[in-house]
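Colleague: I would like to learn how to read a model feature by feature. Can we take one and work through it?

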Amino acid sequence: MSRIMNDIIGKWLKGWSLSRKLPLPVKYGSGFKVEVGEEKQKIRYVFSELNDDFLNLSKITTEPWIHLKVCVPPDEVKDAVPERWKIQPPGYMMSCFQPMKNPDSVLYKGYRLEYEKYNSALLLKIIAENGDLACSGHVVLVDDFAVYDRIVTDEKHRRKGLATFLMHELERNALANGIRNNFLVATKEGKALYESIGWELYSPYTSIVIPGI
């Protein structure tokens with residue numbers, strides 16, 4: 001995997017950490033390490049390729065809830081690591097290097113916006129008339145990258161274009177700072193939304209973990 005890919009992973013993971021107010025990633029061999037500190041995600045290690053550093057870490061790690069993540073398809077990981085590791089639902093590292101599609105989307109009637117800034121992050125909330133948090137998402141500016149994180153729409157408020165509108169609002173913040181390199185990691189469900197506004201698959205993103213008893 002190229003040095004460019006590793007640089008991208010580092011910037012994306014820094015944005016991910018800033019979004020969640022976590023310690024910044026540190027180098028771990030050819031990859032990166034973040035002390036997450038959650039009950040079911042104590043530490044995460046992220047690698048751009050399935051190499052000896054990743055495989056050796058999978059062999060020496062026996063503690064539950066330590067996540068190993070790598071930018072290859074799950075089939076390549078499954079038979080290369082000890083059986084105690086469980087493959088998690090697939091992720092998709094996605095990129096967008098041009099203005100997103102459908103920029104004229106408007107906010108659905110009866111909803112309003114709230115903004116919150118911290119670190120180099122912008123949190124955008126879409127609030128329903130009854131006060132519900134209908135949709136929210138973050139964008140973090142890291143060097144020449146905009147990292148999008150935790151784009152979530154409440155199930156009761158879906159199919160109203162809220163996430164599309166939110167993505168364009170977050171993009172405006174990036175563009176106002178001269179940034180056009182956009183990255184995120186999507187779930188299978190979110191992938192279709194991002195593709196509909198011009199994002200493309202940059203790399204598969206596979207996670208493994210040893211579950212607790």
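This is a predicted model: local features need pLDDT of at least 70, side-chain atom pairs count only at pLDDT 80 or more; totals for chains, interfaces and linings use all residues.

Colleague: How many cavities of 30 Å³ or more does a search of the whole structure find?

Modeller: The general idea comes first. Rolling a probe the size of a water molecule over the atoms shows where empty space is left. Here the search of the whole structure finds one cavity of 30 Å³ or more.

Colleague: Which residues line the largest cavity?

Modeller: Its lining consists of Gln98, Pro99, Tyr148, Glu171, Ala174, Leu175, Ile179, Arg180 and Asn182. Helix H4 gives the largest share of that lining, three residues.

Colleague: Tyr148 is in that lining. What does tyrosine 148 touch, leaving out residues up to four places away in sequence?

Modeller: Tyrosine 148 contacts Met100, His138, Val139, Met167, Leu170, Glu171, Ala174, Asn182, Phe183, Leu184 and Trp199.

Colleague: Now the core. Which residues of the largest nonpolar core touch the most other members?

Modeller: Again, the general idea. In soluble globular proteins, nonpolar side chains tend to be buried together. In this model the largest nonpolar core has 29 residues, and Tyr148, Met167, Leu170, Leu184, Tyr194 and Trp199 touch the most other members. At least two core residues come from each of strands E6 (91–96), E8 (121–127), E9 (133–142), E10 (145–153) and E11 (181–186), and from helix H4 (162–176). H4 supplies the largest share, seven residues. Another core lies apart from this one, with 17 residues, including Trp16, Leu22, Met93 and Tyr205.

Colleague: On to the cysteines. How many disulfides does the structure hold?

Modeller: A disulfide is a covalent bond between the sulfur atoms of two cysteines. This structure has zero. For cysteine 96, the nearest cysteine sulfur is that of cysteine 135, 17 Å away. A disulfide needs the two sulfur atoms within 2.5 Å, so cysteine 96 is in none. Cysteine 135 is in no disulfide either.

Colleague: Is cysteine 96 buried or exposed? And cysteine 135, buried or exposed?

Modeller: Cysteine 96 is buried, at 1% relative accessible area. Cysteine 135 is buried too, with a relative accessibility of 1%.

Colleague: Last, a helix. How far does helix H1 reach from its first C-alpha to its last?

Modeller: H1 covers residues 3–19, 17 residues, and reaches 25 Å, close to the 24 Å expected at 1.5 Å a residue.

Colleague: Why is H1 described as largely enclosed by the rest of the structure?

Modeller: Because 13 of its 17 residues are buried. Just after H1, lysine 21 has a positive phi of about 55 degrees.

Conventions
Residues are numbered from 1 along each chain as its sequence is written. Side-chain values use heavy atoms; hydrogens and water are left out. Buried means under 20% relative accessible area, exposed over 50%, partly exposed in between (1.4 Å probe, protein chains only). A nonpolar core is a set of buried Ala, Val, Leu, Ile, Met, Phe, Trp, Tyr and Cys residues joined through side-chain atoms within 4.5 Å. Helices (H or I, at least four residues) and strands (E, at least two) are DSSP runs, numbered from the N terminus. Contact means heavy atoms within 4.5 Å. The expected span of a helix is 1.5 Å times one less than its number of residues. On a 1 Å grid over the protein atoms alone, a cavity is a set of points where a 1.4 Å probe fits but cannot get out, and a pocket is an open set with protein on both sides within 12 Å along at least five of seven lines; lining residues have an atom within 4 Å of a point. Grid points are joined across faces, edges and corners, and a volume is the space filled by probe spheres set on the points.
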